[in-house]
Amino acid sequence: MIYNFKSILLILTIFFCAAVHAQNKKYVLVVHGGAGTILKKNMTAEKEKAYTEALTQALQAGYNVIKNGGASLDAVEAAIHVLEDNPLFNAGKGAVFTHDGRNELDASIMDGKTLKAGAVAGVTTIRNPITAARAVMDRSEHVMMVGKGAEIFAKEAGLTIVDPKYFWTKERWKGLQEAIKEDSVKAVLDHNSKTTSKLGTINRDYKFGTVGCVALDNAGNLAAGTSTGGMTNKKYGRVGDSPIIGAGTYCDNRTAGISCTGWGEFFIRNVVAKTICDLIAYKGYSIEQASKEVLDNVGAMGGDGGLIILDKNGNMAMPFNTEGMYRGAVTADGKIEVQIYKN
């Protein structure tokens, strides 16, 4: 087939425009549903479809807020609500069980414009912890409330309060029994080998379903939020990175919004979210460079997980050092992209 000069020029122009469009793609909302050992060979077609549909629904809920001129904070809350109400994820309805057979939930949210933030930890009766975190930010002078105090505050604020039984799911209960059995075996092995284990750290943080969202609204304001049920079989009132501002969540219009998921202890020790923002602010790193450097540090210490990041220009990244991460994004023109496995 012979092409004339005009045809070749037209083809080159089309490819060039497509490349420019790809480079200039602006994202307005990103979500994650947790990182971990997520392999396609272990996933049924039905479950893969369910996760894809849930992430799509969350992205659409958040995008609808932005499309209609709503604030990024409202978009983050709307998207996370969808995931908290879905038992597939370790947040809200699908929260994992503690060693004592309880569901203790954590969440945080942050406004990139004002640097105001709110968080709750160890709550057991609040249907949507992300809304409780938002209430702490908007209706109190505090940043974090925990346990019974947070629940009393949420009830007085008019939030939806549920019986703790609401959070019970068969799959999470089964997961607790398996974790207890696994810890018992490991404890015996440790005893026989005459090694010592640190109390409460035998069971690593396999956080497959923590959820998070970062949004950029039409006014150019960023917001970020994270919600989780924590660690299966956790003991001693343990709290991970998700409700800790600077570790699991951080947002600043001048740099980026970030929500993390992974082995919380390592994200706390590396102050992951804030450190990424600092690298962007003080060293001029791109979001990809900053995220990689900090996540590499987490990995070097023995931790794993991932994060989502969105900056004020609509650039986003979703790095992780595990086998997979439930994740998705939506562009300014409403195109939804969802991924699960490592590409």
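Helices here are DSSP runs of H or I with at least four residues, strands are DSSP runs of E with at least two, and both are numbered from the N terminus. On that count the protein chain has 9 helices and 12 strands. This is a predicted model, in which local features need pLDDT of at least 70 and side-chain atom pairs count only at pLDDT 80 or more, while totals for chains, interfaces and linings use all residues. Residues are numbered from 1 along each chain as its sequence is written, and side-chain values use heavy atoms, with hydrogens and water left out.

Contact means heavy atoms within 4.5 Å. Looking at contacts with a separation of 6 or more, 69% come from residues 24 or more positions apart.

Next, a pair of helices. Helix 3 (residues 72–84) packs on helix 4 (residues 129–139) at about 150°, the axes being 8 Å apart. The axes are lines fitted to C-alpha atoms, for helices over the stretch in contact, and the angles run from 0 to 180 degrees between N-to-C directions. From helix 3, L73, D74, E77, I80, H81 and E84 meet P129, I130, T131, R134 and M137 of helix 4. Those contact residues split into 5 nonpolar, 2 polar and 4 charged, where Ala, Val, Leu, Ile, Met, Phe, Trp, Tyr, Cys and Pro are nonpolar, Asp, Glu, Lys and Arg are charged, and the others, Gly among them, are polar.

Helix 4 itself is largely enclosed by the rest of the structure, because 9 of its 11 residues are buried. The buried stretch includes A132, A133, A135 and V136. Covering the buried residues of helix 4 are, among others, helix 3, strand 2, strand 3 (117–123), strand 4 (144–146), helix 5 (147–156) and strand 6 (222–228).

Then there are the rings. The structure holds 7 aromatic pairs, counted when ring centres of Phe, Tyr or Trp (its six-membered ring) lie within 6.5 Å; planes under 30 degrees apart are stacked, over 60 edge-to-face and the rest tilted. One of them, Y51 with F89, is edge-to-face, at 5.5 Å centre to centre and 80° between the planes. Y51 sits in helix 2 (residues 45–67) and F89 in the loop between helix 3 and strand 2 (105–111), so this pair ties together parts 38 residues apart in sequence. F89 also pairs with Y326, and with centres 6.4 Å apart and planes at 90° that pair is edge-to-face. Since Y326 belongs to strand 11 (residues 324–331), the F89–Y326 pair links parts 237 residues apart in sequence. Y51 and F89 are buried, as is Y326, and the three form one aromatic cluster.

D252, in the loop between strand 7 (249–251) and strand 8 (256–262), is buried, with a relative accessible area of 8%. Leaving out residues up to four places away in sequence, D252 touches G112, L115 and L222. G248 lies in the loop between strand 6 and strand 7 and is buried, at 0% relative accessible area.

Definitions and conventions. Buried means under 20% relative accessible area, exposed over 50%, partly exposed in between (1.4 Å probe, protein chains only).
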